[in-house]
Amino acid sequence: MNIWIAIGVTFVGCYLVKLAGLLVPAGALERPLVRRMAALLPVALLAALTAQQAFADGRVLVLDAKAAGLAAAAVALLLRAPFLVVIAAAVAVTAGLRALTG
């Protein structure tokens, strides 16, 4: 039963957040600071999620195959490789290191 309570609370919370976004006056959204924050916030959240997934294991900082794969992707991006090549480089390095260490 507790799972249904959690689902219901999540549903109501998501609906209220969406409703609050719709009730914000258009003039407030046109301010330069709000526009700049709206442009930068998704990038910051994605960077934080990537760092957490690549360098954390629970509450411990780790440098493992995931971090090496991320570094390979960064190098491929610096070399202006196409997106699929970036992904392939990250996958290949991560899989190779896991095969060697695992």
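## A nonpolar surface patch

On the surface, Phe11, Val12, Tyr15, Leu16, Leu19 and Leu23 come together as a nonpolar patch with about 640 Å² of accessible area in total. Patches here are built from residues with over 30% relative accessible area and no salt bridge, joining like charges within 9 Å and nonpolar side chains (Val, Leu, Ile, Met, Phe, Trp, Tyr) within 5 Å. Accessible areas come from the Shrake-Rupley method with a 1.4 Å probe, and for residues only the protein chains shown count as cover.

One member of this patch, Tyr15, sits in helix α1, residues 2-23. Tyr15 counts as exposed because its relative accessibility is 52%; the cut-offs are under 20% for buried, over 50% for exposed and partly exposed in between, with a 1.4 Å probe and protein chains only.

## About the model

Please keep in mind that this is a predicted model, in which local features need pLDDT of at least 70 and side-chain atom pairs count only at pLDDT 80 or more, while totals for chains, interfaces and linings use all residues. Residues are numbered from 1 along each chain as its sequence is written, and side-chain values use heavy atoms, leaving out hydrogens and water.

## Overall fold

Five helices and two strands make up the secondary structure of the chain, in the sequence order α-α-α-β-β-α-α. These elements are DSSP runs numbered from the N terminus: helices are H or I with at least four residues, strands E with at least two.

The chain has a radius of gyration of 20 Å, whereas a compact globule of 102 residues would be near 13 Å. That radius is taken over C-alpha atoms, and the globule rule is 2.2 Å times the number of residues to the power 0.38. The C-alpha trace spans about 55 × 45 × 25 Å along its principal axes. Of the 102 residues, 10% count as buried, and carbon and sulfur atoms hold 76% of the accessible surface of about 8,400 Å².

## Thr94 in helix α5

Now to helix α5, residues 83-101, where Thr94 is found. Thr94 is buried because its relative accessible area is 16%. Its side chain reaches the backbone oxygen of Ala90 at 2.8 Å. Beyond neighbours within four places in sequence, Thr94 is in contact (heavy atoms within 4.5 Å) with Ala65, Lys66 and Gly69.

The structure holds one salt bridge, defined as a side-chain nitrogen of Lys or Arg within 4 Å of a carboxyl oxygen of Asp or Glu. Glu30 and Arg35 form a salt bridge, with their closest N and O atoms 3.0 Å apart. Glu30 counts as exposed, at 52% relative accessibility.

Key: Polar contact = N/O pair within 3.5 Å; in protein donor to acceptor, adjacent residues only side chain to side chain.
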